[in-house]
Amino acid sequence: MAFFDKVSRKISDFADDTSDKVKEFGKTNKLKTSISEEERKLEVAYIEIGKDYFEKNQNQEETAYVAAFAQIRESKAKILEMQAELDKIKEDTKDKISKRREDAQKAEEEPVSSPVGLPCPSCGFRSALNSRFCSECGKPLSA
Ligand SMILES: [Zn+2]
């Protein structure tokens, strides 16, 4: 049965292909992740070297990294400026809050005059809010 032999070989080949592909995918994924990890470590190491180099050579007139040095100085200056701005905003907010608290405390200490209602229709006197009768002439007040 040459035909069936051929077919079954093809199916098993396909299965092998698939499992090879799966294995390959697993291995390559693992390797790619490992490569990324090592690349990150490299970057950290490079940054460390770069920082160290800048610290040691920042006052030198001649350097192979003129543009990079200029960029570092510019960015550092900008960061300082923005940091100062941040500090100022924080300080202003603190001032505002403490002033508001002081005002609130003062308002609490000040004697509050009790609210008054509408003037009496008869004599015009303003009795305390929600009074049922005028405290001046005694006439009933409409609510
Ligand atoms: Zn009245």
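The protein averages a pLDDT of 88, and 91% of the residues score at least 70. The model is predicted. The protein contains two helices and two strands, and along the sequence they follow the pattern α-α-β-β. With a radius of gyration of 42 Å, well over the 15 Å that the globule rule gives for 143 residues, the protein is more spread out than a compact globule.

**Confidence**

- Helix α2, covering residues 66–109, has the highest confidence, at 93.
- Confidence is lowest in strand β1, residues 116–119, where the mean is 85.

**Overall shape**

- Taken along the principal axes, the C-alpha atoms of the protein fill a box of roughly 120 × 75 × 20 Å.
- Of the 143 residues in the protein, 1% are buried.
- Among contacts with a separation of 6 or more, 2% are between residues 24 or more positions apart.

**Helix α2**

- Helix α2 has 44 residues.
- From its first C-alpha to its last, α2 reaches 64 Å, which is close to the 64 Å expected at 1.5 Å a residue.
- The number of buried residues in α2 is zero, so this helix lies largely in the open.

**Ile89, a residue of α2**

- Ile89 has its place in helix α2.
- Is Ile89 buried or exposed? Ile89 is exposed, because 10 other C-beta atoms lie within 10 Å, and a residue counts as exposed if that number is 12 or fewer.
- Ile89 and Phe14 are 75 residues apart along the chain, and their C-alpha atoms are separated by 68 Å.

**The strand pair**

- Strand β1 is joined to strand β2, residues 126–128, by two bridges.
- The strands β1 and β2 run antiparallel.
- Which residue of β2 does Val116 stand opposite? Val116 stands opposite Ala128.
- β1 and β2 form a hairpin with six residues between the strands.
- In this hairpin, Gly124 takes a positive phi near 85 degrees.

**In short**

Terms used:
Residues numbered from 1 in each chain as written. Predicted model: local features only at pLDDT ≥ 70, side-chain atom pairs only at ≥ 80, totals over all residues. pLDDT = per-residue confidence, 0-100. Helix = DSSP H or I, 4+ residues; strand = E, 2+ residues; numbered from the N terminus. Rg over C-alpha atoms; globule rule 2.2 N^0.38 Å. Buried ≥ 20, exposed ≤ 12 C-beta atoms within 10 Å, placed from the backbone. Contact = placed C-beta atoms within 7 Å. Expected span 1.5 Å × (residues − 1). Pairing = 2+ DSSP bridges.
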